[in-house]
Amino acid sequence: MKVGGQFLDGVTNVYVSGADAHAAVIEYRKPLTPQQFNSLREKAKELQDKRQASFRARRQRTSNSKSPAWTAADEKALAEIRAKLASFQRRPASPAIAETATLQVTAGGEAAPGHREIRLGTPQGLSNPLTFCIGQLPEIRKPEAQAQNGPPGRRPLRTNEPRAAAPVEMNITLPAIVNGQILPGGIDRYRFPARQGQKLVMSVSARDLIPYIPDAVPGWFQATLTLYDGKGKELAYSDDYRFHPDPVLYFEVPRQGDYVVEVRDSVYRGREDFVYRISISESPFITSMFPLGGPAGAETKVALSGWNLPATNLSFAATDQPGVSAVSVSKGKLLSNHVPLARDTLPDCNEREPNDSATNAQTVTLPIIVNGRVEGPGDWDVFSFRGQAGQEIVAEVYARRLNSPLDSELRLTDAAGRQLAFNDDHEDKGSGLNTHHADSYLRAVLPAAGLYFVHLGDAQHQGGPDYAYRLRISPPEPDFELRVTPSSINVRAGFSFPLTVYALRKDGFTNEITLALDDAPAGFSLSGERIPAGQDQVRLTVSAQAAGRKEPINISLQGRAKIGGRFVTRKAVPAEDMMQAFAYRHLVPAQELKVAVTGRGFGRAGLQLASALPVKIPVGGAARLRLGGLGASYLDRFDLELSDPPPGVSLGKAATTERGAEIVFESDAKTSKAGLKGNLIVGLVPARNPAATQKAKKQANPRRVPLGTLPAIPFEIVPGN
């Protein structure tokens with residue numbers, strides 16, 4: 001396989017998550033810079049002139065000529081230069097994937113099928129993770145195409161005009177998974193024989209492999225799937241599967257013969273990272289499930305709908321852990337797609353029809369989770385309950401987050417029909433792959449004792465057997481989840497590395513959260529390990545005092561907070577902060593939080609904060625912080641930079657004292673706000689000498705690699721004098 005990226009110099013190792021899968025680096029290539037291209041072109045011209053002069057001398061039979069002799073070494077050098085120049089013309093369209101590493105991946109006999117994560121290891125540490133799939137069907141790889149980008153500076157095709165070369169077609173045998181990529185304007189077709197009566201499921205993984213592309217609109221590879229008969233007649237088409245961008249087709253073969261499946265981008269875009277996997281087989285595929293969950297600690301019985309299923313009624317074993325897990329079914333040795341199944345600690349019940357108005361509303365007793373369906377277009381499900389004056393209630397829908405196509409809408413009314421609260425869409429940052437947060441959430445205080453009604457419908461006026469939901473109606477249940485980014489940590493021994501931890505607060509939970517490493521090896525520590533009350537995120541640092549390790553290790557974080565008079569602990573889920581379509585950001589879960597320790601360390605004790613914490617910075621004033629382990633010689637070698645500071649806070653000049661180094665934080669009187677708390681992250685980068693500074697000014701994007709950061713510095717903005 002080939003991986004594209006940036007800053008991969010010196011890549012030597014590959015790390016694959018999960019058991020019994022290994023990988024090695026076969027080749028690394030870095031594209032030529034324009035300066036290197038011009039230098040090679042001049043060298044090629046010199047060699048061509050030399051060859052012409054030598055051949056001319058031979059034709060004139062002037063053996064005593066001063067013309068240089070053309071040698072086999074010259075011929076080899078010219079061929080190598082031409083190959084490099086040609087590769088410059090075929091370089092990837094995006095600089096983000098300009099460097100490439102070719103890997104050999106081996107999956108052993110005990111390797112479970114499913115998604116894995118691959119990270120590259122370089123002298124600078126670990127890369128971000130990429131999805132790699134271990135399949136259960138024979139794998140086919142389309143021959144690699146070459147991008148035709150033309151002269152330097154020309155952009156690849158990005159229009160919706162299908163001005164492409166003729167479609168590429170391959171013959172394949174089923175069942176199979178086909179691996180390919182779409183270049184600008186590209187169309188790939190695969191011809192296969194099929195028998196009458198076969199029930200084929202054709203599913204594409206594209207956005208599933210690379211969830212978000214930051215510099216493209218749409219912000220992912222929007223694959224389309226078209227099926228033709230052997231004569232070219234279109235039989236079926238799909239450009240998505242419900243709200244999932246990746247298309248799925250189900251086809252029962254009407255007669256024996258050849259068929260052709262076609263994949264392309266919906267607007268004929270393409271480049272090297274528009275990769276896909278097409279699975280074509282008689283594998284089982286779950287399209288819907290009811291109910292969408294059940295109580296924790298008990299067996300959950302569900303009814304399934306879909307294609308090629310082994311049964312339509314199944315039971316999933318009990319688990320004591322509430323939350324959402326992925327489940328699947330198998331038919332023979334073939335596994336189905338995975339679908340989410342929710343388990344909760346609240347009592348639940350099933351919706352009962354008719355309940356489409358306040359006059360025939362289904363009566364429920366709080367707290368409750370209702371498993372229901374919006375049965376058809378225009379259907380509303382109404383639930384009544386008795387409340388008290390001043391009582392606070394929450395109504396929340398779980399549907400889109402549980403793979404239901406329902407786009408819910410919630411209303412709370414009193415006995416007179418007056419609307420007290422309404423919600424359509426509610427964002428859940430923990431649902432990193434959803435771009436339409438279609439699940440509803442409302443929270444309200446009841447004005448008086450009496451009867452109240454919760455109305456649930458589909459905002460798009462759709463409905464049917466697949467439009468299932470779980471509706472929670474209860475008093476607020478304060479709680480929190482945690483996400484930590486990035487999922488690959490690169491820390492130099494004796495330094496620190498910044499992380500961002502996001503608190504996904506629920507039902508009005510505002511308390512402070514204390515963070516800690518969970519069973520980390522000796523030598524690792526956190527600094528700034530508190531998310532202040534009422535804040536949704538904090539930047540902190542992880543430090544490694546041990547010398548560089550040969551292999552990365554997995555670590556985990558957890559948060560502890562007081563809820564309802566007792567302490568609860570929640571694990572932090574590793575995630576990647578991804579951008580799509582130039583603007584929108586998503587926290588996409590990762591499988592591992594992996595850390596690589598590099599370098600020889602920074603003294604025995606490393607860098608230390610030697611002043612009282614938190615640093616209290618007065619509005620319009622300054623505060624000093626003393627550092628241990630950082631002396632005058634280090635201040636000559638490093639520049640200090642404040643990373644993403646809060647509004648109004650800046651870094652003053654560092655100085656040395658008898659007791660060590662001292663740095664100054666300054667607060668602007670106009671933009672600083674008293675009461676703000678958090679952590680300051682100070683990075684250390686190699687200091688530039690005057691000659692290097694002048695050289696950097698001539699570069700379009702000068703880059704200095706940080707050696708690390710100081711431990712996170714807790715701060716508080718206090719009123720000025």
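In what order do the 5 strands of the open sheet lie? The order is β26-β28-β35-β30-β33, and the pairing is mixed. This is a predicted model.

**The sheet**

Two strands sit at its edges: β26, residues 348-350, and β33, residues 441-445. Each of these pairs on one side only. On average, neighbouring strands of the sheet are turned by 20° against each other, direction ignored.

Strand β26 runs parallel to β28, which spans residues 368-373. The two are joined by 3 bridges.

**A loop glycine**

Now turn to Gly10. This residue lies in the loop between β1 (2-5) and β2 (13-16). Where does the chain come back to Gly10, leaving aside neighbours within four places in sequence? Gly10 is in contact with Gly121, Thr122 and Pro123. Gly10 and Pro123 are 113 residues apart in sequence, yet their C-alpha atoms are 6.4 Å apart in space.

**Accessibility and cysteines**

| Residue | Relative accessibility | Class |
|---|---|---|
| Cys133 | 12% | buried |
| Cys349 | 22% | partly exposed |
| Gly10 | 40% | partly exposed |

Cys133 counts as buried because its relative accessible area of 12% is under 20%. Cys349, at 22%, is partly exposed.

How many disulfides does the model hold? The count comes to 0, with a pair of cysteine sulfur atoms required to be within 2.5 Å. A disulfide is a covalent bond between the sulfur atoms of two cysteines.

Note on methods: Residues numbered from 1 in each chain as written. Predicted model: local features only at pLDDT ≥ 70, side-chain atom pairs only at ≥ 80, totals over all residues. Heavy atoms only, no water. Buried < 20%, exposed > 50% of the residue type's maximum accessible area, 1.4 Å probe, protein only. Pairing = 2+ DSSP bridges. Helix = DSSP H or I, 4+ residues; strand = E, 2+ residues; numbered from the N terminus. Axes fitted to C-alpha atoms, helices over the stretch in contact; angles between N-to-C directions. Contact = heavy atoms within 4.5 Å.
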